[in-house]
Amino acid sequence: MTPSLQYTPTSCGADKYIAAYIAGILGSKLNAYQADIRAEKVLTGPNAGADFMKINPKGNVPTIVLDDGINLREAYRDAGNRKAHQQMALAATFAGMGFGNAGVHLCHGISYPISGLNRTYRRPGYAGVAGVAGKIVPYGISVAVTAPAVFEWTAPSNPERHLEIAGVFGLDVARAKKEDAGRILADALRGFLFDLDVPNGISAFEFCKGDVKALILDEFVLAVFCK
């Protein structure tokens, strides 16, 4: 049976389609069909018009590999750990599938003004890197830094899923209360990001309450432009 890729054409999921096309495996080793995650419909292929949620009940997360983050920690700390890097490459593939089908999230959108309005912060390790003129908040850092606050805020919308993710980080959530889901996941994320030397909050970039209006305005302009 030939596996199939369900992707959205205007998101990061399309890179899987492009890679398969360049590799010459479309139609032979992989079929690819477009889906509309918002309408929850398959758009192309033999199942066009079908309910996408029946193909993927989680909808915006095709798969979750239960892993407590050890591989990421090891890959970060030990550049020579080949096994950890291989597992991270696999995890990145799954993450790309999820991101490609989910659209973007608050962490992603907020990252642009954080990087763009950065005044002085430069991530350690970027000194002397070509094209980096003294200050930089790398994309991954600007996305990750708001994750604890964002997911603590979104938890009431689906506490079960937030607790599930906390479990992915190795926490025992069997007896956790739904109303505590946001705090539990936020604390798990803070501990995890601490191990990766990710700053705890945007104050590390010298933002303060007086910058909130500018950050929001910058994000609003970006949202309008992207639409």
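1. The side chain of serine 142 makes a polar contact with the side chain of serine 115, at 3.3 Å. This is a predicted model, and the points below should be read as such.

2. Serine 142 sits in helix α6, which spans residues 139-144.

3. Is serine 142 buried or exposed? Its relative accessible area is 0%. The cut-off for buried is under 20%, so serine 142 counts as buried.

4. Next, the surroundings of serine 142. Neighbours within four places in sequence are left aside here. Serine 142 then touches Cys107, Ser111, Ile114, Ser115 and Val137. Ser115 in this list is also the polar partner of serine 142.

5. Lysine 135 lies in the loop between α5 (106-116) and α6. Its relative accessibility is 42%, so lysine 135 is partly exposed.

6. Which residues does lysine 135 contact, leaving aside neighbours within four places in sequence? They are Asn118, Arg119, Thr120, Tyr121 and Arg122. With asparagine 118 there is a polar approach: a polar atom of the lysine 135 side chain lies 3.0 Å from the asparagine 118 backbone oxygen.

7. Now the helix pair. Helix α7 covers residues 147-154 and helix α9 covers residues 181-195. Their axes come within 8 Å and cross at roughly 165°. Angles over 145 degrees count as roughly antiparallel, so α7 is roughly antiparallel to α9. The crossing of α7 and α9 is right-handed.

8. Who makes the α7–α9 contact? From α7 come Ala147, Pro148, Phe151 and Glu152. From α9 come Gly182, Arg183, Leu185, Ala186, Leu189, Arg190 and Leu193. By class, the contact has seven nonpolar residues, one polar and three charged.

9. Helix α8 (residues 159-168) has Pro159, His162, Leu163, Ala166 and Val168 buried. Against what do the buried residues of α8 pack? They pack against α7 and α9. Just after α8, glycine 170 adopts a positive phi of about 95°.

Note on methods
Residues numbered from 1 in each chain as written. Predicted model: local features only at pLDDT ≥ 70, side-chain atom pairs only at ≥ 80, totals over all residues. Heavy atoms only, no water. Axes fitted to C-alpha atoms, helices over the stretch in contact; angles between N-to-C directions. Helix = DSSP H or I, 4+ residues; strand = E, 2+ residues; numbered from the N terminus. Parallel < 35°, antiparallel > 145°, perpendicular 65-115°, else oblique. Left-handed = near helix turned anticlockwise from the far one by under 90°. Contact = heavy atoms within 4.5 Å. Nonpolar A, V, L, I, M, F, W, Y, C, P; charged D, E, K, R; others polar. Buried < 20%, exposed > 50% of the residue type's maximum accessible area, 1.4 Å probe, protein only. Polar contact = N/O pair within 3.5 Å; in protein donor to acceptor, adjacent residues only side chain to side chain.
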